[in-house]
Amino acid sequence: MASDKLFSDDYLDQLNPKEQVEQGPVTVFGLTFKNDEERRQYFREELRRRLPELRKIEGFPIGEDDDIINLSDPPYYTACPNPWLNDFIAQWEEEKKELQREGKRKANFEVKEPYASDVSEGKNNPIYMAHSYHTKVPHPAIMRYILHYTQPGDIVFDGFAGTGMTGVAANLCGSKKDVDALKEKKAKVGVRHGICSDLSPVATHIAATYTCDYNMKLWKKRALSIIDKAEKKYGWLYKSYVNGQKVDVNYYIWSETFICPHCKSKINLWKESVHNGGNIINSEFFCPSCGIALKKNKLEQNLSTSYDNILNEVIQQSVFEIVRVNYSGDKRGEIDASNFDFDIYSKCLSEVPTSLKITRMPTGSEARRNDNRGILYAHNYYTHRNLLILSYIYEQMKNDTYLLSLLTSTMLNVSKMWKFKPDRKGGSLSGTLYIPSLYIEQNPFNVLRRKVNSFDAIDYGARGNGLISNESATKLALQDNSIDYVFVDPPFGANLMYSQLNIINENTLRVFTNEKTEAIVDIQGQNKNIFEYQQLMNRSFKEFYRILKPGKWLTMEFSNTSASVWNSIQNALQGVGFIVANVAALDKKQGSFKAVTTTTAVKQDLVITCYKPSDKLTDKFFQTGGSKENVWDFIDEHLLHLPVHIEKGNATTSVVERNPKILYDRLISYYVQKGFAIPMDAQEFQRGLHERYAERDGMFFTATQVVEYEEKKLKAPEFVPMGIMVSDEANGIEWLKNELRNKPQTRQDIFTNWTKAIAGVRKGDVIPELDTLLEENFIQNEDGTWRLANVNDDVDLEKLRTKALLKEFKLYLEVCRKPRGKLKDVRVEAVRAGFKQCYSDKNFADIILVGDRIPQNLLTEDEILLQYYDIASSKV
């Protein structure tokens, strides 16, 4: 094993002897060690012994044994599947008993209703800002959910943990100050144990830095000493002269050069398009040689050939030149680059970085976006000057898990991706490896020192109550029914190419993501389409369902602009047995690059809350199958898991999940995913709802719940119905029900508002005319007004409507049975009715036939159609 000695003896002499080692003694699993260093050494050897078996686990990261072990801080954090998770869970379960004896938790704790409030949390918290990552949920937002669904001592799991904000939130539930700041009613202060796992080595490494307990004072002293040492060796690379005085360089501005398409002369983009010292950037400029008006996207690349002493081969790359120097001397200023600056950079080119892993960028649209500019390897994202400095610092930090996190936190800031902006604030584009034509080469010593202060701000007192594991969510090492609550923020389709984006930092750590089970949509790089993505998500949710205790909750944050991905996620959740209870909004108060530039982007993330049914309900279904009696057992339990009352301002708002249509959809989903025949149609279900439950404002409640609802509504008497934009027939019917709920109206009364409500109808989806919808779903009075159907009316209407829909579906089948039969436009409700009938008849082939011939956006964007299609696919 590589030596764990990080500093030379004379270097450590600079530190106080008491600060050279972490304090002890430390006891883990009944074993006592003198200090954390001895504990770490012991468990690292244990981890090495277990690695041959661990490597057989799906999703094991790509890396050498030494690199994985040196990156780990076992048993709390391992840069591979953590073999001690179940041992800690057993220990925590015993600790729960003591907490109960002390009155800090209840033996029979149950959460009946989901957390139904919309959450708004900003990203400016010091913990959030310390180490950047592609996506994060602010930890105060996660704390709100954990405090609602758990009690002190409970075990919280996040299988797509990213940088470990769930672990931070679980820790900080033990901080009275942080809990009180949330002003959540009934919140019980007390640490929860977070288990964070992720497929990405760099993500879990950052998570360990955020959640594990280590000596921050010693860490800071060591970090600053290494930076000082590096600057003593390489500080000359960031010096310049202004008016004969030596100054410190804050950053250099580099400009890409191009070729004029007309006269073939070289054009320096900065010199021709940037004016007033960099305060103005013109989109149109003139060639200095031929005078023709130009725009950047019309220029030709300027590629040069040179010898690369890192690769030991001749390469061809786009030509960039230093154009500007930002400095600090007696005062801060900025000047054009001089020959001195060019010479300084030239001098460093002959030195080869002492520690540098050469890694070709992987296949994929994001990783290969810069191939045409000769940016082929991970190290090509840095200037040679910064490579020298970073590789030297890596040598000083490589055996210290937590110091390495300081290095990875700076890698983006000191890369060529740091974009020049006229306001001089710099920055990079989120979710992409884009290298701008005008980039800033920042002084790494300055960036590192600022980051040390940022890390110092995350030294909170409740650290060290959780675990970190680097593993695939598709195959978890956790025992069945061992987790009290799950919070996840999974990857969403093609939104972000995580393994491609992480390659540069993982190259620094020398441990890489095993992308085989990475749940993304990536046709070009990994040959994964929406269905492969859904399959991986299904396997992951199946694991979450397995490890979660019966009757407990899962919360999933969702951020994607695609309806097909949204439905894939919901389908995957319900497909493994979870039952959706609530969908709310999470406002992060800051848009990503894609959210800002895409007109259809979702500005607010959605939060899906679902629960694992109780053993009682599951056992009854298992014993008696999908009988009619079980329908009401399901609805009884489901209603108890829905919000009773949601208040916004001084008004009561509709609880969407209590709508009879949604209740029936949830029922169908449960029966279909369990493989049971659907025991009753919508009319019979509606009658049963009215017979067994109380209806208020178009929602259904148990006898106890309706009393609570009415009491709370008295305090907020104004009622705000479910806001519906008519984007399909089902929404159109619900919109009409809302319009007619209070009083009958004529067609003319309705028509104007109806035309305003219709928005964004899906391509290929046919919505019937207003007259047809009224005739099929409502009752016309003698005076010409339309009213809601009562239970008896509804039975007759539903029969007639279903008959008409099935007749239309039969026509679709006839078209699809022709050799090249395709359906350009369909009435989705007719396809739904047809799929339901085919499912009841076990005619799965016709579901597949029609599903393959209708517009694919309708299939993937409709939750019900997708469920039937997926089930049919598994049966044929």
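Me: What am I looking at, and where does the numbering start?

Reply: This is a predicted model, in which local features need pLDDT of at least 70 and side-chain atom pairs count only at pLDDT 80 or more, while totals for chains, interfaces and linings use all residues. Residues are numbered from 1 along each chain as its sequence is written, and side-chain values use heavy atoms, with hydrogens and water left out.

Me: OK, and what does the C-alpha trace span along its principal axes?

Reply: The trace spans about 95 × 80 × 55 Å along those axes. Of the 876 residues, 57% count as buried, where buried means under 20% relative accessible area, exposed over 50%, and partly exposed in between (1.4 Å probe, protein chains only).

Me: What about contacts between residues at least 6 apart in sequence?

Reply: Within that set of contacts, 74% join residues at least 24 apart, a contact being heavy atoms within 4.5 Å.

Me: Switching to charges: how many salt bridges turn up in the whole structure?

Reply: A search of the whole structure finds 57, each being a side-chain nitrogen of Lys or Arg within 4 Å of a carboxyl oxygen of Asp or Glu. One of these joins R449 and D228, whose side chains meet at 2.9 Å, N to O. That pair links distant parts of the chain, with R449 in helix α15 (residues 444-456) and D228 in helix α10 (residues 216-234), 221 residues apart.

Me: Is R449 buried or partly exposed?

Reply: R449 counts as partly exposed, because its relative accessibility is 24%.

Me: Which residue does K661 form a salt bridge with?

Reply: K661 pairs with D665, and the closest N and O atoms are 2.9 Å apart. Both residues lie in helix α23 (residues 660-674), where they are 4 residues apart, about one turn of the helix. K661 is partly exposed at a relative accessible area of 22%, whereas D665 counts as buried at 13% relative accessibility.

Me: And how far apart are the closest N and O atoms of R827 and E808?

Reply: The closest N and O atoms in the R827 and E808 salt bridge are 3.8 Å apart. This pair also links distant parts of the chain, R827 being in the loop between α29 (791-816) and α30 (828-840) and E808 in helix α29, 19 residues apart. R827 counts as buried at 6% relative accessibility, while E808 counts as partly exposed at 25%. Salt bridges that share partners join E729, E776, R801, E808, R827, E829 and R832 into one network.

Me: Where is R832, and what is R832 in contact with?

Reply: R832 lies in helix α30 and is buried, with a relative accessible area of 16%. Leaving aside neighbours within four places in sequence, R832 is in contact with K661, A730, D862, I864, L865 and Y868.

Me: Backbone next. Which peptide bond is cis?

Reply: The bond from P74 to P75 is cis, with omega near 5°, and P75 has its place in the loop between α3 (65-71) and β3 (77-78). Most residues other than glycine have a negative phi, and most peptide bonds are trans.

Me: What is phi of N481, and what is phi of R510?

Reply: Phi of N481 is near 50°, a positive value in a residue other than glycine, and N481 lies in the loop between β20 (467-470) and β21 (483-488). N481 is partly exposed, with a relative accessible area of 38%. R510 also has a positive phi, near 70°, and is likewise a residue other than glycine. R510 lies in the loop between α16 (498-509) and α17 (523-526), and counts as partly exposed at 21% relative accessibility.

Note on methods: Helices (H or I, at least four residues) and strands (E, at least two) are DSSP runs, numbered from the N terminus.
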